[in-house]
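Hi,

Here is the structure I said I'd pass along. Have a look at it first, and my notes come after.

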Amino acid sequence: MRTIPVEMIVRAYLTGSSWRTYKSGAREICGIKIPDGMKEHQRFKTPIITPTTKAEQGRHDEDISRSEILSSDLISEADYSLIEKYTMDVFLRGSEIALQHGLILVDNQI
């Protein structure tokens, strides 16, 4: 088994670090364009995946885009696509379960 040096975060709402980035004026988070006029805690039209770096030493927990991951050969495009699918599947299933209990799933990370 090998370690994959990225963490996948699915976000359904503009909150936390994504809000701080947006509030600072950025309209792109991890390569994903975010529209003007959003408010804190507002739901995205569809959940977004915002990867971060993972490393035993050095740079970690730093935003990185899909294209940066692929161009730096951190993982292959096939592996990225599979991880992206699994991440979204887990999030969507978790959202369904949360909704059954009157809750929302704001984000998750894998």
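Predicted model: local features only at pLDDT ≥ 70, side-chain atom pairs only at ≥ 80, totals over all residues.

Residues are numbered from 1 along each chain as its sequence is written, and side-chain values use heavy atoms, with hydrogens and water left out.

**The sheet**

There's an open sheet of three strands, in the order β5-β2-β7, with antiparallel pairing. β5 (43–49) and β7 (107–109) stand at the edges with a single partner strand each, so one side of each has no neighbour in the sheet. From one strand to the next, the twist averages 5°. Strands here are DSSP E runs of at least two residues and helices are H or I runs of at least four, numbered from the N terminus; two strands pair if DSSP finds at least two bridges between them. Strand β2 (residues 9–13) is joined to β7 by three bridges, and V10 stands opposite N108 in β7. Helix α3 (residues 77–100) packs on the sheet and touches β2, β5 and β7, its direction making about 135° with that of β5. For those angles, axes are lines fitted to C-alpha atoms (for helices, over the stretch in contact), and the angles run from 0 to 180 degrees between N-to-C directions.

**V10**

V10 is in strand β2. V10 has a relative accessible area of 0%, so V10 counts as buried (under 20%; exposed is over 50%, partly exposed in between, with a 1.4 Å probe and protein chains only). Leaving aside neighbours within four places in sequence, its contacts (heavy atoms within 4.5 Å) include P47, I49, F91 and N108.

**S18**

S18 is found in helix α1 (residues 17–23), and at 1% relative accessibility it is buried too. A polar atom of the S18 side chain lies 2.7 Å from the backbone oxygen of T15. Beyond neighbours within four places in sequence, S18 is in contact with R11, Y13 and I29.

**E7**

E7 sits in strand β1 (residues 6–7). With a relative accessible area of 14%, E7 is buried. Again setting aside neighbours within four places in sequence, E7 is in contact with several residues, among them T50, K54, D61 and Q109.

Cheers

Technical notes
Polar contact = N/O pair within 3.5 Å; in protein donor to acceptor, adjacent residues only side chain to side chain.
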